[in-house]
Amino acid sequence: YTGIPLPQAVETTIGDLAKLATPIAFLILGGDFDFSRIKGNLKTAGGVIFVKMIALPMVMIPIVVSMGYRDADLLAALLAYQTPVAVSSYIMAQQAGADEQLAGQLVVFSSAVSIVTLFTTIFLLRQLGYLS
């Protein structure tokens, strides 16, 4: 912001640290994840995951397709509507004093479900000729 260039070593170090932010957050989540508390949030987490990973894309992707978007633009829309819950939401919930267990469960479950839902959606869109 000041216009003063940083030495290359400092810029490289800062860039490398920025690349590690998400993996470190996943490690923190993995170390703090409590499998015994899943049962208490199962209904809430299941509903959120269903809406985020299945219902929302089922509504929005046909709208995007009907607007004429194809290939890279359609894929960008798909990723906007069907990606897992961001790992940063877990860290934010911790810092805000919110339900960090539910936030962590949403990250874990949506990441697992996205393996199937993203593959299936991309496969279907390719078969229908919307993605090349």
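I began with the largest pocket, which has a volume of about 240 Å³ in this predicted model. On a 1 Å grid over the protein atoms alone, a pocket is an open set of points where a 1.4 Å probe fits, with protein on both sides within 12 Å along at least five of seven lines; lining residues have an atom within 4 Å of a point.

I listed 13 lining residues, among which Pro57, Met58, Gln82, Thr121 and Leu124 lie nearest the centre of the pocket. Helix α2 (38–66) and helix α5 each supply at least two residues of this lining, and the largest share, 7 residues, comes from α2.

I turned next to α4 (residues 88–96) and α5 (residues 100–127), whose axes come within 8 Å and cross at roughly 180°. That makes α4 roughly antiparallel to α5 (an angle over 145 degrees). Ser89, Tyr90, Ala93 and Gln94 of α4 meet Glu100, Ala103, Gly104 and Val107 of α5 (heavy atoms within 4.5 Å). I noted 4 nonpolar, 3 polar and 1 charged residue in this contact.

I then looked up aromatic pairs (ring centres within 6.5 Å) and recorded 1 in the structure.

For the record, I number residues from 1 along each chain as its sequence is written. Local features need pLDDT of at least 70, side-chain atom pairs count only at pLDDT 80 or more, totals for chains, interfaces and linings use all residues, and side-chain values use heavy atoms, with hydrogens and water left out.

Note on methods: Axes fitted to C-alpha atoms, helices over the stretch in contact; angles between N-to-C directions. Helix = DSSP H or I, 4+ residues; strand = E, 2+ residues; numbered from the N terminus. Parallel < 35°, antiparallel > 145°, perpendicular 65-115°, else oblique. Nonpolar A, V, L, I, M, F, W, Y, C, P; charged D, E, K, R; others polar. Points joined across faces, edges and corners; volume = space filled by probe spheres on them. Phe/Tyr/Trp six-rings, centres within 6.5 Å; stacked < 30°, edge-to-face > 60°.
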